[in-house]
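The stops below are given in the order in which they may be selected.

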Amino acid sequence: MTRDIVLEARNLSKQVSSPEGPLTIVRNVSFTVTQGESIALVGPSGAGKSTLLAMLAGLELPSSGDVVLAGQALGALDEDGRARLRAERVGFVFQSFHLLPSLTALENVMLPLELAGREDARAAATDMLGRVGLGARARHYPRQLSGGEQQRVALARASVGHPTVLFADEPTGNLDTATGERIAQLLFELNRGSDTTLLLVTHEAALAARCDRVLSMDAGALLRDVAGAAAHTHA
Amino acid sequence: MRSLILALRALRREWRSGELAVLWLSLTIAVAALSGVGFLVDRIGHAVELQASEVLAADLRVESDTPIAADEQAEATRLGLKSAHLTTMLSAIFNGDANQLANVRAVSAGYPLRGQLSVADRPFVSGSITASIPAPGEIWPDSRLAAALGAGIGSELAVGARSLRVTRILISRPDQSSTFVEFASALLINDADLAATKLIQPGSRIRYVLLLAGEAAQLDSFRRWHQGQEARHERVEDVADASPQIGDASKRAARFLALASLVAVLLCAVAIAMSARSYVRRHLDAVALMKTLGATRRLVLAVNLWQLLLLAAVASVLGAAAGWLTQLWLVRVLQGLLRADLPPAGPWPAVVGFIIALAVLAGFALPSLLQLTRVPALRVLRRDAGPPALSFLAAAIPVLLAIAGVVYGALGQLSLSLWFLLGLAAAVVALGVAGAALVRSAAHVRGSAGVAWRYGIANLARRRTESITQIVAFGLGLMLLLALAILRDDLVTDWRASLPLDVPNYFFVNIASDVRADFQHELQSQGAQLTRMLPMIRGRLLTINDRPLSELHFPGVRGRGFAEREQNLTWASELGDDNRIVEGHWWTAADAGKPLVSLAVEYQDSLGLKLGDRLRFDVGGENFDVTVASFRKVKWDSFRPNFFVMFPPGLLDASAGTYMTSAYLQPSSGAMAQLVHRFPGVSIFNVGDLLAQIRAVIDKAVSAVQTVFLFTLLAGLTLLLAAVQASREERLYETAILRVLGASRRMILTSVLAEFALLGAVAGVLAATGASLGGAWLAHALDLKYRFNAGLWIAGVVGAMLVVGVAGWISTRSVVRVAPRSVLY
C-alpha cells in the first residue's frame with residue numbers, strides 16, 4: 001500500500017553567525033516521511049538534531065531549502081500561518097515537559113483545543129487524560145505530579161488534537177528507565193492507534209530501535225537513513 | 001471573542017494558582033492609593049474651600065456700584081445657586097445726639113451663605129451663633145459702634161430717615177474684611193428697611209453685592225455666563241481674591257495634595273512597570289508554548305491585552321472600593337479636626353483612578369506586553385531564544401507620554417509640569433549613572449567581606465542591569481517620598497509659624513501723631529505685645545508714566561479697583577521680616593526723601609507695573625511723582641501693619657497723617673473698654689475671630705496633608721514589594737542550587753540581607769541627595785523657606801537600608817523554604 005508523504009525536508013541548511021564567522025548547523029538534509037511512520041533522529045550532542053526538528057516543525061526557518069508539512073511548504077507561510085498549521089496538524093512532546101505551571105493537568109491538555117476554538121475541549125481532554133492513565137489526577141497541578149506523570153500529561157496534550165505529525169524532543173531524557181519505558185510504550189501506542197506520524201529526537205538506542213526508521217546525524221549532515229532494527233545492529 | 005474567552009479562562013486559572021497575585025496586588029493598591037487620595041482630596045479640598053468661603057460669607061461675590069441686574073439673580077436661580085443680597089454704604093448713625101460714622105450693611109434672608117453670625121446682649125463679650133438676620137425694624141450694631149454711641153439692647157438708632165431698635169449686639173460676622181479697607185464700625189439691618197432709610201440717593205457711594213453659594217460646577221457656569229456678559233462694571237470675587245491669607249493656605253494645600261497624589265501615582269507606576277516586567281518574564285515560556293501549539297501572534301496579543309484589561313478593571317473596582325472605604329475611615333479618625341458636614345466624595349476620583357490606572361498600565365506595561373508577543377516559538381526547544389530587544393524609543397515613548405499626561409493632569413500648570421518632568425528625568429539619569437558606578441565599585445570591595453556578604457555583593461554586581469534598575473526604582477521612590485516629607489514639614493511648620501498663638505489679634509488705626517507715644521505706653525501697660533507702628537496717609541493714584549488711569553487697561557482683575565480707590569499709603573525705613581524684596585532694592589539711609597516707591601507684588605500684577613515706572617499720587621490735594629524702586633512679597637498673614645504702597649522716610653513726613661499698629665492682647669473687654677474710653681479717636685479692630693477662622697482652615701489643610709502623605713507611603717511600600725518580587729524567580733533557582741551545594745539557610749538569608757541592605761543604602765544616599773535638591777526646588781515652587789534637614793539623610797540612608805533589607809529578607813525567606821528538588825526538577 002502506498003502511503004501519503006506527510007513531511008518532506010528539501011535540501012535543508014541552517015547557518016548562524018558566530019564570533020568565528022558563519023557556522024553551519026544543518027547541512028543539505030533531505031528526506032521524506034510517510035503517514036503513520038515513526039522516525040528516530042539520533043546523533044551526538046551538537047549534531048544539529050534539535051535545529052532540524054525546529055525547522056521541520058516550523059519553529060525556525062532554514063537558511064536555504066524548504067519543509068513541506070502536510071502538503072504545505074512552510075517557507076511560503078508567515079509566522080502566523082505556520083502557527084495555524086501547527087494548531088491543525090502538529091503535536092509536541094519535550095524533554096522538560098513544558099507544562100504550564102498555573103494550569104491543572106486537564107487544563108494543560110485542553111489548551112491546544114481551546115486555542116483552536118474547539119467547543120468539546122473539556123470532554124476530549126478528559127478522555128485523553130483517561131487514555132494515558134491520569135483520569136484521577138486531572139485537577140492536579142504539574143508541581144503535584146511526578147516526572148513520568150507530567151510527561152504523560154504532555155503526551156496527552158500532544159495527542160488530543162489528533163495531529164498528523166507528533167514531534168518529540170528527547171521525550172524520555174528526563175525520566176528513569178522504567179518510567180521512560182512506559183512513556184515510550186504510550187508514545188508508540190498513540191502513534192499506531194491513531195495513525196499519527198512520529199518523529200522523535202533521542203539519545204537512547206533502545207528507543208530509536210523501536211522506530212520504523214532511524215536517521216543518524218553528525219556535524220549537521222544526515223549520515224544514514226536505515227530501518228529501526230537495522231540501526232540497532234549498526235550501533 | 002475567542003481571545004476574550006481564552007483570556008478569561010487564563011485569568012481564572014492563573015488567579016487560582018496564585019500566579020497573578022503580585023501584579024494584581026500592586027495594581028489594586030495603586031488604584032486604592034490613587035482613588036483614596038482622590039476621594040480625600042476631593043472631600044477635604046471641598047471642606048477647606050467651604051471653610052475658606054466663610055470669609056466671603058459666600059463662595060462667590062458679585063460686587064457693583066449699581067444695583068445688581070435682575071438677570072444675574074435670575075441666572076443664579078436658574079443654575080440652582082443659593083443667593084443673598086448685601087448692600088453697604090457709609091453713613092452717620094445717631095443715638096440721640098451721639099453720632100458715629102458706620103458701615104451700614106443691609107442684608108437679605110439667607111445671609112451669610114457661608115459662615116455664621118455671632119451676637120450677644122452686650123458689646124465686647126463672646127457671642128453665640130445665630131441663624132437669623134435682623135428682622136425689619138431691628139438693627140444689630142457691632143461692639144465698637146454700640147460702645148461709641150452708648151447704645152444697648154432696646155436703644156433706638158437713627159439710620160438715615162429710619163429709626164431702628166437695637167435687639168442684638170453683633171459680635172462677629174464671617175466677612176469681616178481682612179484687608180482693613182473698611183475702618184468704620186459696622187451694623188446689620190434688614191434689606192427691607194433700606195428704602196425707608198432714604199440713604200440711597202444719586203451720588204451716594206453704595207456697593208451692591210450678590211452673594212452666591214453652590215456646587216463648583218454651578219459656580220463655574222455662573223462665572224462663564226458672567227464673563228460672556230459685556231460691559232458690566234462689576235467685580236466677581238472668590239476667596240483667593242478676597243482673603244490673601246486663606247487664599248495662600250488653600251492654594252498651597254491644593255498644590256501639595258496634587259504633588260502628593262502625583263508622587264503616589266508615579267510610585268505606583270514604577271511598581272506597575274516592575275510587576276509587568278516580571279509578569280512578562282514569567283510568561284515568556286507560556287507564550288512560546290502557546291505559539292508552538294498553534295496560537296498566532298494576534299491571538300497571543302489579544303489574549304494578553306484582554307487579560308491585562310480585565311486585571312485593570314478588577315483591580316480598579318476593588319482599589320476604588322478600598323480607597324473609598326479608607327477615606328471614610330480616615331474621615332472618622334479625623335473627626336473633630338474636620339467638620340462634621342464634610343461634603344460627600346463624588347464618583348469622579350474612582351473614574352479618574354481607573355483612567356489613570358489604565359494610562360499608567362498602557363504606558364508602563366504595554367511595551368513589555370508587546371514584547372511578549374514577539375517571543376519565538378523556538379524558545380520551547382532553546383531556552384535562550386527570547387524576544388528581540390525592545391527598542392529604546394518603543395519603550396520610552398509610551399512611558400514618557402503616560403508620565404507627562406499624569407504630571408500635567410495633577411499639576412495643571414505647564415511650566416511647573418515641565419520643571420517637574422525635567423527634574424524627574426535628571427533624577428533618573430543621575431540615579432542610573434551613580435547606581436552603575438556604585439555597583440561597579442561594589443565588586444571591588446567584596447574580597448574583604450565574609451562569605452555571605454561576599455556572595456551578596458557579588459550578586460549585586462552580577463545582576464548589574466537588575467541592580468541598577470532596582471537602585472533607580474528604590475532611589476526614585478525614596479527621593480520622591482523624602483522630598484515630599486521635607487515639604488510636608490516645611491509646609492506645616494510654615495503654616496503654624498505664620499499664625500503663632502500670640503499673633504496680633506487687635507489692629508489700632510487712626511492713632512493721631514500727638515497721642516502716639518501715650519497710646520503705645522498705655523498698650524504696653526496693659527501687657528500687650530506691640531508690633532511696629534506705621535504712619536497712614538490717604539492718597540490716590542493719578543497717572544502711570546504720565547498717562548491718566550482712565551486711558552489705561554489693566555491686566556489684573558483688581559487693577560481697576562486699585563487704580564480708582566483711595567489708597568492707604570505709608571513710609572518706613574525698615575523693611576520688616578514679613579516683607580521680602582523680589583525685584584529692585586529696598587532703600588538705604590541715603591535714599592531718605594528721594595521720590596521712590598516700593599510696591600507689593602499684588603499691586604504690581606494688578607496694574608502691570610515694572611521697575612522704573614513713574615507714578616503720580618495725589619495726597620491731600622498735593623501731587624507727588626515717584627519712581628518704582630522695588631517690589632515686595634508681603635506675608636499678609638503676619639497680622640502686622642502692611643501696605644501695598646510704601647515710600648522712603650522724608651518724602652511725605654509733612655502730610656498730616658495718623659498711625660496704625662497691631663498688638664496681641666489677652667481677650668478681655670475691660671482693657672478694651674478702657675482704651676476706647678481714653679483714646680476715643682482710635683479705631684480698634686478685633687481680628688481674633690478672623691484668626692480663629694484662618695487657623696481652622698490651616699488645621700484642616702495640615703491634616704489633609706498628613707493623611708494624603710500616608711497614601712503616598714503606602715504607594716512606596718507597593719513599589720518596594722514589586723521591586724523585591726522582581727528578582728524572586730531567579731533567586732528561587734539560585735537558592736536551590738546553593739542549597740544543593742551545601743549552603744545553609746542562614747548563609748543564604750544573610751547574603752540576601754547584605755545584597756538588599758547595600759542596595760537600600762546606595763538608593764538611600766542617592767535619594768537623600770536628590771531629595772535635598774528637589775526639596776529646595778519644591779519649597780521654592782510653593783513659596784516656602786527651605787531648611788536643611790540632617791534627619792533626612794539619616795532617615796534616607798539608614799531607613800532605606802533597613803526597609804529594603806528587611807523587605808528583601810522577608811520575601812526571600814519563603815524562597816529558602818522551598819525544597820530545592822521542586823525547583824530544579
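Begin with B:Lys198, which lies in the loop of chain B between α5 (194–197) and β11 (206–213). The model is a predicted one. Display the backbone at this position: the phi angle of B:Lys198 is near 60 degrees, a positive value in a residue that is not glycine. Most residues other than glycine have a negative phi. Is B:Lys198 buried or exposed? With 11 other C-beta atoms within 10 Å, B:Lys198 is exposed, because a residue counts as exposed when 12 or fewer such atoms lie within that distance.

Remain in chain B and select B:Tyr111 together with B:Pro112. The peptide bond that leads from B:Tyr111 to B:Pro112 is cis, and its omega is near -10 degrees. In general, most peptide bonds are trans. As for its setting, B:Pro112 is placed in the loop that connects β3 (98–107) with β4 (117–120) in chain B.

Now move to chain A and show it as a cartoon. Chain A contains 8 helices and 10 strands. Of its 235 residues, 50% are buried. Among the contacts in chain A with a separation of 6 or more, 67% are between residues 24 or more positions apart.

Within chain A, select strand β1 (residues 5–18), where A:Asn11 is found. A:Asn11 has a phi near 45 degrees, which is positive although the residue is not glycine. How many other C-beta atoms lie within 10 Å of A:Asn11? There are 12, and A:Asn11 is therefore exposed, since the limit for that class is 12 or fewer.

For the last stop, select two helices of chain A, α3 (residues 105–115) and α4 (residues 121–131), whose axes come within 8 Å and cross at roughly 125 degrees. The two helices are therefore oblique to each other, because this term covers angles that are not roughly parallel, antiparallel or perpendicular, the perpendicular range being 65 to 115 degrees and the antiparallel range over 145. The crossing of α3(A) past α4(A) is right-handed.

Next, show the side chains where the helices meet. On the α3(A) side, select A:Ala105, A:Leu106, A:Val109, A:Met110, A:Leu113 and A:Glu114. Their partners in α4(A) are A:Ala121, A:Arg122, A:Ala124, A:Ala125, A:Thr126, A:Met128 and A:Leu129. Coloured by class, this contact shows 10 nonpolar, 1 polar and 2 charged residues.

Methods:
Residues numbered from 1 in each chain as written. Chains lettered and ligands numbered in written order. Predicted model: local features only at pLDDT ≥ 70, side-chain atom pairs only at ≥ 80, totals over all residues. Helix = DSSP H or I, 4+ residues; strand = E, 2+ residues; numbered from the N terminus. Buried ≥ 20, exposed ≤ 12 C-beta atoms within 10 Å, placed from the backbone. Contact = placed C-beta atoms within 7 Å. Axes fitted to C-alpha atoms, helices over the stretch in contact; angles between N-to-C directions. Parallel < 35°, antiparallel > 145°, perpendicular 65-115°, else oblique. Left-handed = near helix turned anticlockwise from the far one by under 90°. Nonpolar A, V, L, I, M, F, W, Y, C, P; charged D, E, K, R; others polar.
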